[in-house]
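Work through these exercises with the structure open. Each task is followed by its solution.

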Amino acid sequence: MLDLVDITKVYRGGHRAVGGISLGLRPGVLGLLGPNGAGKSTLMRIAATAARPTTGRVLLDGADVTARPRPLRRTLGYLPQDFGFYPNLTAREFLSYLAAAKGVGARAARVRIGELLDLVGLGAAADRRLGGFSGGMLRRVGIAQALVNDPRVIILDEPTAGLDPEERARLHALLSDLAAERAVVLSTHIVPDVEDIAAEVAVVAAGRLVLRGRPADLVADMAGRVWEAVVDPVALPSIGGRFPVVRSVRDGELVRVRLVAPERPLSDAVPLQAGLEDVYRSAVAAPAPLPGPHPTPGAAR
Ligand code: ADP
């Protein structure tokens, strides 16, 4: 469906936000995980043709859309981190406006918008002005606008930001249904946002794709490498320097640390069952540094 081929993005000033990422999108939910600043939004904008890559290509069914974005835009649903809206329009008016802009016929749009507003739990607020909506409600309008043209490729940048647990569960159910026939990409820095619904996860760190796979396989690979130890707080920096620390919580005078290590890291460490959070933390703990724009191998310091 959609293929990102060796994408790089260097912003003005020379900052390399994406350093050569290839990613194929197929039906199913792909969870794009990475810490803030990893390059996820940049990559999503490029996939959605809202930004151009510095080098690399975006292919829809094999055809390059970098220079001719129209075929992709027609079949794309995109929720950017901040989407523009008109506060004086009602939710229904706003979606009708966008549907018309995307070439959806008026009658089909009317039916679809009614269904979508119900799906995102905004049926009762459909005729209220967006200016009075809460952040969570606006996010749900944003999700609805991404689906208004019945897209084959759905790109959602941090869609769960501002949603409460119930809204998040509803979004997950909706995306799982849609993903049977559509490629859905959901970017986030929060592992639980994707662990129940993603058929695959891709982890991005410092502009690089550092890991990709099915959650169950990645977790299975992590078996036997997750440990818990109770340590003195003063030991924490040195432990954190040696092992990826997944979590540390205060336990009285001591600290209970969950960490990843190939072998028992401390004599009293106990093994834990691995989870996707462990996979993610260890993947982003030590990303390979990006080569600078002017590498000078062997240069004296
Ligand atoms: P993420 O979505 O993973 O948080 P971003 O793609 O937003 O990451 O950002 C990646 C890096 O690129 C960050 O260091 C960010 O500061 C930088 N960046 C993002 N957008 C711009 C821009 N328009 N101009 C310059 N630098 C940018």
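This is a predicted model: local features need pLDDT of at least 70, side-chain atom pairs count only at pLDDT 80 or more; totals for chains, interfaces and linings use all residues.

Residues are numbered from 1 along each chain as its sequence is written, and side-chain values use heavy atoms, without hydrogens and water.

**Exercise 1.** Find the residues that line the largest cavity.

Solution. Start with the term: on a 1 Å grid over the protein atoms alone, a cavity is a set of points where a 1.4 Å probe fits but cannot get out, and lining residues have an atom within 4 Å of a point. The structure holds 1 cavity of 30 Å³ or more. The volume of the largest cavity is about 50 Å³, taken as the space filled by probe spheres set on the points, which are joined across faces, edges and corners. Its lining consists of Leu-119, Val-120, Arg-140, Ile-143, Leu-163, Glu-167, Arg-170, Leu-171 and Leu-174.

**Exercise 2.** Which helix gives the most to this lining?

Solution. Helices are DSSP runs (H or I, at least four residues), numbered from the N terminus. α5 (135-147) and α6 (165-178) each supply at least two lining residues. α6 gives the most, with 4 residues.

**Exercise 3.** Which residues of α5 and α6 meet?

Solution. Contact means heavy atoms within 4.5 Å. From α5 come Gly-136, Arg-140, Ile-143 and Leu-147; they meet Glu-167, Arg-170, Leu-171, Leu-174 and Leu-178 of α6.

Key: On a 1 Å grid over the protein atoms alone, a cavity is a set of points where a 1.4 Å probe fits but cannot get out, and a pocket is an open set with protein on both sides within 12 Å along at least five of seven lines; lining residues have an atom within 4 Å of a point.
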